[in-house]
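Welcome! Take a moment to look over the sequence and the model below, and then we can walk through a few of its helices and residues together.

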Amino acid sequence: MADRKKSYSKDTLKRILIFTKPHLHYLVLAAFFSVINVALTLYIPILIGDAVDCAIEAGRVDFKAMLPILIKIVISAAAGAGASWLMNLCTNKITYLTVRDIRRTAFGKLLTVPLSYMDSHPHGDLISRMITDTDQISDGLLMGFT
């Protein structure tokens, strides 16, 4: 039973990734901005350590040496925030485009469902499932890419 469930999960993931493939360039951009964000986030504590080293002793602080370091900290924080924003923009875009393609495909299949099937099931059941499932896929993709 566990193997069957694992197989279904792999198959579902593969089918979702097929819809993601045309928008792969957004995923590459998101990874690039993520690396920049992480690098800058890790660089800021190094700069803070350098700024602390400018404090020689109580009452003796080398402000001339500290000023460029503080400017680098501000620039790094701003660039990191910008990279994080661009990463989120890319992940939102790829999620939106992927779910849009899934919805289009699902709607196309919905148009081919026989009327006998529609008559034998509660009204709106298929539409409700389609909307709920695509919303869950959207949420999962957004969390996964981020």
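Let us begin with Thr-134, which, leaving aside its neighbours within four places in sequence, is in contact with Val-99, Ile-102 and Arg-103; contact means heavy atoms within 4.5 Å. This is a predicted model, in which local features need pLDDT of at least 70 and side-chain atom pairs count only at pLDDT 80 or more, while totals for chains, interfaces and linings use all residues. Residues are numbered from 1 along each chain as its sequence is written, and side-chain values use heavy atoms, with hydrogens and water left out.

Thr-134 lies in helix α5, residues 125-145. Helices (H or I, at least four residues) are DSSP runs, numbered from the N terminus. The side chain of Thr-134 also makes a polar contact with the side chain of Arg-103, at 3.2 Å. A polar contact is a pair of N or O atoms within 3.5 Å; within protein, one must be able to donate a hydrogen and the other to accept it, and residues adjacent in sequence count only if both atoms are side-chain atoms.

Is Thr-134 buried or exposed? Its relative accessibility is 4%, so Thr-134 counts as buried. Buried means under 20% relative accessible area, exposed over 50%, and partly exposed in between (1.4 Å probe, protein chains only).

| Residue | Relative accessibility | Class |
|---|---|---|
| Thr-134 | 4% | buried |
| Thr-95 | 4% | buried |
| Ser-76 | 6% | buried |
| His-121 | 27% | partly exposed |

Now for the helices themselves. Two packed helices are described by the angle between their axes and the distance between the axes. Axes are lines fitted to C-alpha atoms, for helices over the stretch in contact, and angles run from 0 to 180 degrees between N-to-C directions.

How do α3 and α5 pack, and at what angle? Their axes are 9 Å apart, at an angle of about 160°. That makes α3 roughly antiparallel to α5, a term for angles over 145 degrees. Among the residues making the contact are Thr-95, Val-99, Ile-102 and Arg-103 of α3, and Thr-134, Ser-138 and Leu-141 of α5. The contact of α3 with α5 divides into 13 nonpolar, 6 polar and 2 charged residues. Here Ala, Val, Leu, Ile, Met, Phe, Trp, Tyr, Cys and Pro count as nonpolar, Asp, Glu, Lys and Arg as charged, and the others, Gly among them, as polar.

Thr-95 sits in helix α3. Leaving aside neighbours within four places in sequence, Thr-95 is in contact with Ser-138, Leu-141, Leu-142 and Phe-145.

Helix α3 (residues 63-110) also meets helix α2 (residues 24-53): their axes come within 8 Å and cross at roughly 160°. The two are therefore roughly antiparallel to each other, and α2 passes α3 in a left-handed crossing. The residues of this contact divide into 23 nonpolar, 6 polar and 3 charged.

Ser-76 is found in helix α3. Ser-76 and Leu-47 are 29 residues apart in sequence, and 9.6 Å apart in space, C-alpha to C-alpha.

Finally, His-121 has its place in the loop between α4 (115-120) and α5. The side chain of His-121 makes a polar contact with the side chain of Ser-120, at 3.1 Å.

Notes. Angles under 35 degrees count as roughly parallel, over 145 as roughly antiparallel, 65 to 115 as roughly perpendicular and the rest as oblique. A crossing is left-handed if the near helix is turned anticlockwise from the far one by less than a right angle, and right-handed if clockwise.
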